[in-house]
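Here are my notes for a colleague who has not seen this structure before. Please read them beside the sequence and the model.

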There are 2 protein chains.
Amino acid sequence: MPKLSARVESTFASPFRKFLPLAQQAKARGTQVVHLNIGQPDFLMPPDTLDGIGDLYQKFIPYGEAEGQMPLRQAWCQYYEKFGVTLDTEELIITCGASEGIYFTLMAIADLNDQIIVPEPFYANYNGFCQMAGVEIVPLFSSIDDGFPIPGISAFEEAIGPRTKAILLSNPNNPSGKVYNRQMLLDLVGLVRKHDLYLLVDEAYSEFIYEDFEFIPALSFAGVEKNVVVIDSISKRFNACGVRVGAIASRNTELLQNIAKYSRLRLSPPMLGQTFATRALQLSNTYHQELRKDFAERRAYILHRLDGMEGVLYHAPEGAFYLFVRLPIDDSDRFCAWLLTDFAHDGRTVMLSPGTGFYATPGKGKNEVRIAYILEKPALEIAMDCLEHALNVYPGSTKNTSLSAVSV
Amino acid sequence: MPKLSARVESTFASPFRKFLPLAQQAKARGTQVVHLNIGQPDFLMPPDTLDGIGDLYQKFIPYGEAEGQMPLRQAWCQYYEKFGVTLDTEELIITCGASEGIYFTLMAIADLNDQIIVPEPFYANYNGFCQMAGVEIVPLFSSIDDGFPIPGISAFEEAIGPRTKAILLSNPNNPSGKVYNRQMLLDLVGLVRKHDLYLLVDEAYSEFIYEDFEFIPALSFAGVEKNVVVIDSISKRFNACGVRVGAIASRNTELLQNIAKYSRLRLSPPMLGQTFATRALQLSNTYHQELRKDFAERRAYILHRLDGMEGVLYHAPEGAFYLFVRLPIDDSDRFCAWLLTDFAHDGRTVMLSPGTGFYATPGKGKNEVRIAYILEKPALEIAMDCLEHALNVYPGSTKNTSLSAVSV
C-alpha cells in the first residue's frame, strides 16, 4: 500500500480511548465495563434545551457563520459577566469543541518547532494537538509526591527560550484538580507581559470548583489584553460533550481574526449544537450549584474508598472532576489494559486512563492513573470495588515497595 | 502583542467567505444581497429528519465514538449499495464535515513538503487545508477555453515526482461541473497502482449528475483497495450543510485506523448531526430525483441568462450545481468586492466567489467567478439581473477585448 505519513505513524494515542477496543472485547465477553476513563458526566442536561429544536430548522440546516452564530456569541459573553468578565462578541469565536479551539490557536501562534511551556501533568490530548501542529511541549514537571504544586514562576521563566511562544494551562487543571489562585495567575500575567508571550488558559472546568477554592478567570487581568487567550467548552459545563461546541475568547481581536481563517476553511461549527449551547448558556446559576454539590459528594465517596486501599497516593482535587492517583502498580498502561483483558470482579471491571499520556516527560506517570468520577454513586461503587479487588490480584502489583495511602 | 505564526499570516483566505464583511456592510446600507457565493442549496431537507430529536437525548448528550456512531456508519454503507459499492462499517469513519475528512487524510498520507497532484480549477479550500498540513499542491491546469477538460493521464504521470503522495479530485468537480467518466477513472486507477499513490476522491456531489452523464464511484474499482480514499459529506446531499457530518471511506483499513488517531484527539463528531444523517441516509431515492430535476431547471435558467450577456464564456455543468464562468472583467476579486461595495441595482446586488481561489497556479482565474445556482428561481432572477447590469457599468469591464458568449 502507499506509505502513511511519518507524522501519523508517530501520533500520540489518546489515553482516554486507546483501550476502547479492549473494552469492546470485554463487553463482548459479557463483562460490564464502568467507564471512568473519559470526562463525560452522567448528570442531566439543563432542562428543555432541545425542545422543539427541529421546528427551528424546518426548511434546511444552513452553514452558520464561520466564527459562530451571533446569538451564541452574545449568550457566551453574557454568561462571562457572572465571573466579572466583560467581553464584546468580536472577542469570542465559536469552535467545534475546545479541541478545535486549542488546535487552531496553536496553529495561529506557533510555527513548526516553536515551543510552548506546559505544567505537567496536563490534559493528555495537548500532546497530540502539538504533534499535529509540529509544536514542541516544554513540560514543567510537578510531582504527585508534593501534591502537584503549580510550578514556581522562576521555573516558568527558566524554561523560556528563543522559540517559546506561549504558556498553556488548564484551570482547574485536568488531571490534577489543582486550581490557580490569584497570585499564581498574577505572576504568570507579569511573565507573559515581560517576555511578550501568549498565555493560553483552558477553562473548560471553570464551573467545577470545590469549597475553599475560587476560580479566577484569565480574562480578568488588565495589561495583558493581547496575551491572554481562553479556550472554553460547552461539553462539561452542560453535560453535553457530544454537541461539539467550544469557544476561543481573547481581547486580542487581531489574533481571533487570524484564527478565523482556519474557521472559514471548515466553514461552520455544528448548528444544532450551537442552538443547544445558546439556550444552555442563558440558564440561571442554580444548575451549576446543584452539579457542584453532587460532584463534591462523588469526590468524597471516591476519596473515602481510596483511603481504604493500600499503597494508593492521591491529593483531593480543588476543581474539575478527576483524581490523578498513584497506584501500587508497575505500569499504568499495562494495568489499564489488564483491567479490560484479564480482570473481572463479579462480572464487572473498570476502565481508567493510564497516567503516562498526561506527561510529556518520558517515563513519568507510569504508576499513575486518572479516575473521572463522572458517574452516579452505584456505578462508582462498582468501579471502586473492582479497583480494590484488582489491586489485590494484579500480577504487576508493587504493594511491597510502595508508599501507604496519603490524603491531604 | 506577541507575534502571530508565519503560517497563519500566509494562510489562504477562503473565496467563499472573504467578502462576507463587505456583504454585511451592503446589507447595513439597506442593499439586498443574493448569496450565490456558497454551495448551500435552499431545498427542503428530507422530511421528518429532526422530529423528536430532543427525545433521543433526554438525559445528556454524550461523546460519541471517535470514528462515528455505528448506526450512521451502517446507514452510510447501506446507502453506498445504490451505487453498487459494498463496504464494511470498518471501511468508513465519520468526520466533522468533508472538510475534516480532507484535512485528516492529508495529514495521514503526506508529510511536510510532500506533494499532491490536483487538477485545477479545484475546490478552493483544498488550498487552505494543504497549507495547514504543509503539503504542496501540484496543479494540473485545464482551461475554460477548452471546456475544462480533465487532464490526460500523461499529464498526471509527468507531474509525479519523488515527493508525490496522492492525486486529489472532486467528482463531480467543484467548480467546473465536470464529471469523470469510467475510462478517465480507470486510467487514474492504473496510474496510482503503478506508482503506489493514493487516489483521493471528493464525492460530495455524487447525487447531482445531469442527464447524459453518469457518476462512477471511485470505490467501484478492483485492485486499488489500498489506494482509493473517498471523502464524502451529508451537507449538499441532504440540504443540511450545518450539521457538519462527513465521512472517509476506504478499503484501506490500516489508513483509516491511523486517521482515527486524529479522530480520537478531537473525541467525537457532533452527535445531533449524526442522528440527522442516520435518518437522512435511510431515505428512498425519490428525494434526490426531485433535487436533480430542480437543479436542472435552475441550471437551464442560469445558462439562458448568461447567453444574453456579452463577453461571457461558460460550459454547461455535467454535475454539481456550480458554474465557473469567464466574465468580461479585469479582476474577479475586484469585481466581486465591487458588487458589494459600489454596486446596487434596484437596491439589490449579488455575491459571487472570485475565481482566483480555485487555482494554485498564480494569476489564473482572474476573470472567472463561481456562481452557485443554489437558490430558487426568483432569487436567481434577481441575481442575474444584477450581474447583467453590473457587467454594463463595472469600471473594470473588458468587454471590448473579450470573447463573445460561447455555450456548449
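In which hand does α11(B) pass α13(B) in their crossing?

1. The crossing of α11(B) with α13(B) is right-handed; a crossing counts as right-handed if the near helix is turned clockwise from the far one by less than a right angle, and left-handed if anticlockwise. Helices (H or I, at least four residues) and strands (E, at least two) are DSSP runs, numbered from the N terminus.

2. This is a predicted model, in which local features need pLDDT of at least 70 and side-chain atom pairs count only at pLDDT 80 or more, while totals for chains, interfaces and linings use all residues. Residues are numbered from 1 along each chain as its sequence is written, chains are lettered from A and ligands numbered from 1 in the order in which they are written, and side-chain values use heavy atoms, with hydrogens and water left out.

3. Helix α11 (residues 286-307) and helix α13 (residues 377-393), both of chain B, have axes that come within 10 Å and cross at roughly 20°. Axes are lines fitted to C-alpha atoms, for helices over the stretch in contact, with angles from 0 to 180 degrees between N-to-C directions. The angle makes α11(B) roughly parallel to α13(B) (under 35 degrees).

4. On α11(B) the contact (heavy atoms within 4.5 Å) involves residues including B:R298, B:Y301 and B:R305, and on α13(B) the partners include B:K377, B:M384 and B:E388. By class, this contact has six nonpolar, no polar and six charged residues. Here Ala, Val, Leu, Ile, Met, Phe, Trp, Tyr, Cys and Pro count as nonpolar, Asp, Glu, Lys and Arg as charged, and the others, Gly among them, as polar.

5. A second pair in chain B is α2 (residues 20-28) with α12 (residues 332-341), whose axes come within 8 Å and cross at roughly 20°. α2(B) is therefore roughly parallel to α12(B). B:L22, B:A23 and B:A26 of α2(B) meet B:A337, B:L340 and B:T341 of α12(B), a contact with five nonpolar, one polar and no charged residues.

6. Chain A has an open sheet of three strands in the order β9-β12-β11, with antiparallel pairing (strands pair if DSSP finds at least two bridges between them). Its edge strands are β9 (322-326) and β11 (353-354), each pairing on one side only. Two bridges join β11(A) to β12(A) (residues 368-372), and A:P354 stands opposite A:V369.

Conventions: Parallel < 35°, antiparallel > 145°, perpendicular 65-115°, else oblique.
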